[in-house]
Every structure is written in C-alpha cells, then in structure tokens.
Amino acid sequence: MADAAGNGTRRVLIAADKFKGSLTAVRVAERVTAGLRRVVPGLEVEALPVADGGDGTVDAAVAAGFERREVRVAGPLGQEVTAAYALRGGTAVVEMAEASGLQRLPAGVFAPLTASTYGSGELLRAALDEGARTIVFGVGGSATTDGGAGMLSALGARFLDADGKPVPPGGGGLAALARADLSGLDPRLDSVELVLASDVDNPLTGPKGAPAVYGPQKGASPDDVAALDAALVRLAEVLETVVGPRAADFAAAPGAGAAGGIGYGALLLGARFRPGIEVMLDVLGFAPALERASLVITGEGSLDEQTLHGKAPAGVAAAARAAGKEVVAVCGRLALSDEALRRAGIGRAYPLTSVEPDVDRCIADAGPILERVAERIAVDHLRGTAWARRESSDRT
C-alpha cells in the first residue's frame, strides 16, 4: 500500500490520548513507536499526542511545538501551586485543570462546595500578559462547581453579598450572592479570541447540569448537589440583572456546564464553544500530519461509550475516515463492539487485555504491554507491505 506521497512506503501517524493513571499521551506514542519498529525497523513514524481539552491538553500542545510556561496561581482550595500553559506565537493553550483540577486537591480530599476556579482566571491573565491574541481554554477534570465565578473574580469581576462583601469562594458561597459587578473585567478580554474547548455539552443547571451530572464525581452528596444547583441558578439570575437576557441564554447553552460551570463563565466572556478535540486537532497541526500518513493509530485508556461522544479517539478517527485513511486504536480496556468501532471510523481496536488478561498488571505495566500490542499492529498492518519487503531485500 502506497503512502500519501505514492512512493510505495507506509508512514504511521500516532495520534493517541493518554492512558489515564498509567501513561501520558507522549509516553503512549513512544511505546507504540518502539513496538512497531521492533517488527519493522526504520519505519517512518510521526507522533502527535492529542487531548480533548481536559487534563493533558498543555502537554499535547508542548509536544506539538508550543513553549511551556509556568506561573504560580491559586489552587482550588486557595493554596499556591505551579501551573503551566502553552504558548506559540499569539496563541495560548490554557488548561483549567492545571490550576483547578481534581489532581490539585490533597489525596482523598474533596471540596465540592468550596473549591474555586480563581487560579484558572490567573492562568488566563498570565496568557494575556504574554500577549496572546487567541486563547484555547481547555476545560475538564475540575475539582470545582462555581460556575466560573472564581475565574471571573481573578479577571476583575466582583461577586458581593447583601452587605457588599465578597461572597465566600466556591459554588456554595454563591448562595449568598446579591450583586455582581463586571465593570472591572480585564479590558484585554475584548480583543482576544477565546475558544472554549470541551468534550461535554451540558447546560449549567438542571437534571443535566454541572452539579447533577458531575457533582458526585467531586464528592458532592445529594444535599450538596441540590445546594450547588440552587447556587448556580442564583448566579445566573444575578448576572441577568447585569448583562440582560444573555445570562439566561448562556446558562442553557451547550458547554455552559463544562468543568463545574466554568464554561458558563467563559461564555460570559465571549468565548466560542467548540468540541475540544476539534479545536486541539486544529491547534496541533493534525491535518498536514494526516495527509502524510497512510495508517493512523489513535486510542486512550478506555474505549467505551464515552469515547463516542467527543473524546479524542473519536475525533481523530472521524477526521482520518474523512481523509480516507486507515485507522486502528490502542486502549487499556475495550468496551465497544466491532460495529460501534466501525461506525466511529476505527477498523480495529487492540486492548492491552488482549495481551495481558490481568487488568491490574495492565495498569501497572502499561508501557511494556503496549509495546507488545504495537508489535501485533505491525504484524497485522505493516508486515508484507512494499516498505517491509524492501527492507527485507536490503538485508539479504
């Protein structure tokens, strides 16, 4: 099978997300490359680690050539943390989880009512300070449910109680909200293109809203969920008195409920909502890399129903299918039928469990096992190609 240049060789593009808890997207690409080349030495491989806007987004941007920048910001509980964003030219990639993610909480600690997105606002401000004209704001993996109020506060907004004092941080504190003042918002926001990159399209409140759907994952009890939902309703009501009916429209818009409602705050700032993987593929330069490839390998830790709804492998496969490229996937766990994979544009999936049935061992030794999986891919899809036959004749 010829490659994109028609020269009879094959070029593999590895565009996989992380195996959460086991391997970063960069390490996935490294391990797959090693396994492929063990079967086909010298194989042309291009690695483009991907992310869908959640945790790992900055690392994917850095791997694609962006510069990593670090800044000290407030964590979700107010403690100072070192968070990173990525910058190239006038484009910044900001990942809210870097400042306000679950990984920033102490082990075993949840703070559904008090965790704040203030540090995420500080990250946005840092990107503005560096002259960013376009900011891709990847949201996901948050510890917070404050509707983006903390983020807006860091950018100059004020949220006050009936006595004119700032409300406490976190979604729970918004129950006391009486007045919002947006007049102090950083004026640079008016001249920046802000893109809200997320893999979820939930509204802010209600049965499908941020508290109800994602609150329990952040330690929220049923009573906490009810309190948070009422607090976010209050936030939208108060903001309606400031910005008019748009506040209610934004609360109901797809993506408003992303990352504990920080999507809502971003929409208030004029952000344009786009599926995270689509944004990141554009930012990372996926299209030209895809054009050069003849085989695309994508994947993530678990290929399941969630994968089909905006996760990175689905986005990669859709783009590759549209370009007429062959796609296979690697994963730790496979929970999709062959038919579901085909509908997504994935010809075949290779789970770690096909090599090592012990799930615990797959998690602990994901790297070496993934290399063995990649060897299988090479045997199934690369051995016997014109390239491999040529290499064999060169060695004789």
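**Figure 1. The largest nonpolar core of this predicted model.** The core holds 56 residues, and those that touch the most other members are Ile 135, Phe 137, Phe 159, Leu 239 and Tyr 264. Helix α9, residues 258–268, supplies the largest share of this core, seven residues.

**Figure 2. The surroundings of Phe 159.** Phe 159 is one of the residues that touch the most other members of the largest nonpolar core. Leaving out residues up to four places away in sequence, Phe 159 touches Ala 149, Leu 152, Ser 153, Lys 165, Pro 166 and Val 167, among others.

**Figure 3. Thr 33 in helix α1.** Helix α1 runs over residues 25–39 and contains Thr 33. Thr 33 has a relative accessibility of 13%, so this residue counts as buried; the cut-off for buried is under 20%. The side chain of Thr 33 reaches back to the backbone oxygen of Ala 29, at 2.8 Å. When residues up to four places away in sequence are not counted, Thr 33 touches Ile 14 and Val 45.

**Figure 4. The crossing of helices α1 and α15.** Helix α15 covers residues 366–381, and its axis comes within 7 Å of the axis of α1. The two axes cross at roughly 45°, and the helices are therefore oblique to each other. Their crossing is right-handed. On the α1 side, the contact is made by Val 28, Arg 31, Val 32, Ala 34, Gly 35, Leu 36, Arg 38 and Val 39. On the α15 side, the residues in contact include Gly 367, Pro 368, Leu 370, Glu 371 and Ala 374.

**Figure 5. Ala 15 in the loop between β1 and α1.** Strand β1 spans residues 11–14, and Ala 15 is found in the loop that lies between this strand and α1. With a relative accessibility of 0%, Ala 15 counts as buried. Apart from neighbours within four places in sequence, Ala 15 is in contact with Leu 48, Val 50, Phe 286, Ile 297, Thr 298, Gly 299 and Val 316. Ala 15 and Glu 46 are 31 residues apart along the chain, and their C-alpha atoms are separated by 8.6 Å.

**Figure 6. Arg 292 and its polar contact with Glu 46.** Arg 292 lies in helix α11, which runs over residues 286–292. Its relative accessibility is 35%, so Arg 292 counts as partly exposed. The side chains of Arg 292 and Glu 46 are joined by a polar contact of 2.6 Å. Between Arg 292 and Leu 13 there are 279 residues of separation in sequence, but a C-alpha to C-alpha distance of 8.2 Å in space.

**Figure 7. Thr 144 and Ala 259.** Thr 144 is found in the loop between β6, residues 134–138, and α5, residues 149–154. Thr 144 is buried, with a relative accessible area of 0%. Leaving aside residues up to four places away in sequence, Thr 144 touches Pro 76, Met 96, Ser 100, Ala 115, Ser 116, Thr 117, Lys 218, Ala 259 and Gly 260. Ala 259 is found in helix α9 and, at 10% relative accessibility, also counts as buried. The phi angle of Ala 259 is near 50°, a positive value in a residue other than glycine. Most residues other than glycine have a negative phi.

How values were computed
Residues numbered from 1 in each chain as written. Predicted model: local features only at pLDDT ≥ 70, side-chain atom pairs only at ≥ 80, totals over all residues. Heavy atoms only, no water. Core = buried A, V, L, I, M, F, W, Y, C linked by side-chain atoms within 4.5 Å. Buried < 20%, exposed > 50% of the residue type's maximum accessible area, 1.4 Å probe, protein only. Helix = DSSP H or I, 4+ residues; strand = E, 2+ residues; numbered from the N terminus. Contact = heavy atoms within 4.5 Å. Polar contact = N/O pair within 3.5 Å; in protein donor to acceptor, adjacent residues only side chain to side chain. Axes fitted to C-alpha atoms, helices over the stretch in contact; angles between N-to-C directions. Parallel < 35°, antiparallel > 145°, perpendicular 65-115°, else oblique. Left-handed = near helix turned anticlockwise from the far one by under 90°.
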